[in-house]
Amino acid sequence: MKRIAMLCLLLALAAPALAGDEVYRGLGQKQGIAQLVETFVTLLQTDRRVGHSFDEADIPHLKEKLSEQFCVLAGGPCEYTGKTMATIHDGLDITTAQFYALVEDLQIAMERQDIAFRIQNKLLAGLAPMQRDVVTR
Ligand code: HEM
């Protein structure tokens, strides 16, 4: 009986580690993330609330960095090689409303790709703390 209890305890401790890339897999790994970023950035560019912010941006570069960032946040085998959120968004005068517009577009992109609700929420939860570095107005 004691041994079973010990085994259960070990499994419980190991579970979070085993599930470490659950979000990455739920997003469809690198290919799924690349596809998600394609849809997401297209939505951003055509969204009247935020689209103009991206007029001067290097879109292929942005897509690459966003893919890396989502992959890292999802627990995937990637490295983020872009600038910090505070550095890249400094001077862009981004409002809270624009931040939420971006979150909404990401949700729509994830819905279109049939990403499980639980996985969607985990990715969004990873982005939430960035609000203080992105919003400056
Ligand atoms: C959680 C929210 C956000 C995340 C995770 C995010 C992520 C990123 C990343 C990874 C880059 C590229 C970094 C690099 O080139 O090194 C970037 C650039 C950029 N972001 Fe965001 N971003 C967010 C919110 C926003 C919002 C709300 C806006 C505007 C409405 C915005 C506008 C831009 C623009 C215009 C660039 C390109 C800047 C340039 O190339 O100089 N971002 N963002």
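**Entry 1: the model.** Before looking anything up, I noted that this is a predicted model, and I kept that in mind for each entry below.

Entry 2: I then looked up where H89 belongs in the chain, and it is found in helix α5, which covers residues 85-89.

**Entry 3: other polar contacts.** Next I looked up the contacts that involve oxygen atoms of the ligand. For H61, I noted that a polar atom of the side chain lies 2.8 Å from a ligand oxygen atom. For K83, the atom I wrote down belongs to the backbone instead, a polar atom 2.7 Å from an oxygen atom of the ligand.

**Entry 4: the surroundings of the ligand.** How many residues surround the ligand? I found 23, and the closest of them are S53, H61, Q69, K83 and H89. When I looked up the place of the ligand in the protein, I found that the ligand sits in the largest pocket. The elements that give two or more residues to the shell around the ligand are α4, residues 59-73, together with α5 and α6, the latter being residues 96-112. Of the shell, the largest share comes from α4, with 5 residues. I also sorted the shell by class, and I wrote down 15 nonpolar, 6 polar and 2 charged residues.

**Entry 5: the disulfide.** Last, I turned to the cysteines and noted that the structure holds 1 disulfide. The disulfide is formed by C71 and C78, whose sulfur atoms are 1.8 Å apart. Why is the disulfide of C71 and C78 called right-handed? I looked up the torsion about its S-S bond, which is about 60°, and so the disulfide is right-handed.

Definitions and conventions: Residues are numbered from 1 along each chain as its sequence is written. This is a predicted model: local features need pLDDT of at least 70, side-chain atom pairs count only at pLDDT 80 or more; totals for chains, interfaces and linings use all residues. Side-chain values use heavy atoms; hydrogens and water are left out. Helices (H or I, at least four residues) and strands (E, at least two) are DSSP runs, numbered from the N terminus. A residue is near a molecule or strand if one of its heavy atoms lies within 4 Å of it. A polar contact is a pair of N or O atoms within 3.5 Å; within protein, one must be able to donate a hydrogen and the other to accept it, and residues adjacent in sequence count only if both atoms are side-chain atoms. On a 1 Å grid over the protein atoms alone, a cavity is a set of points where a 1.4 Å probe fits but cannot get out, and a pocket is an open set with protein on both sides within 12 Å along at least five of seven lines; lining residues have an atom within 4 Å of a point. A molecule sits in a cavity or pocket if more than half of its atoms lie within 2 Å of its grid points. Ala, Val, Leu, Ile, Met, Phe, Trp, Tyr, Cys and Pro count as nonpolar, Asp, Glu, Lys and Arg as charged, and the others, Gly among them, as polar. A disulfide is a pair of cysteine sulfur atoms within 2.5 Å.
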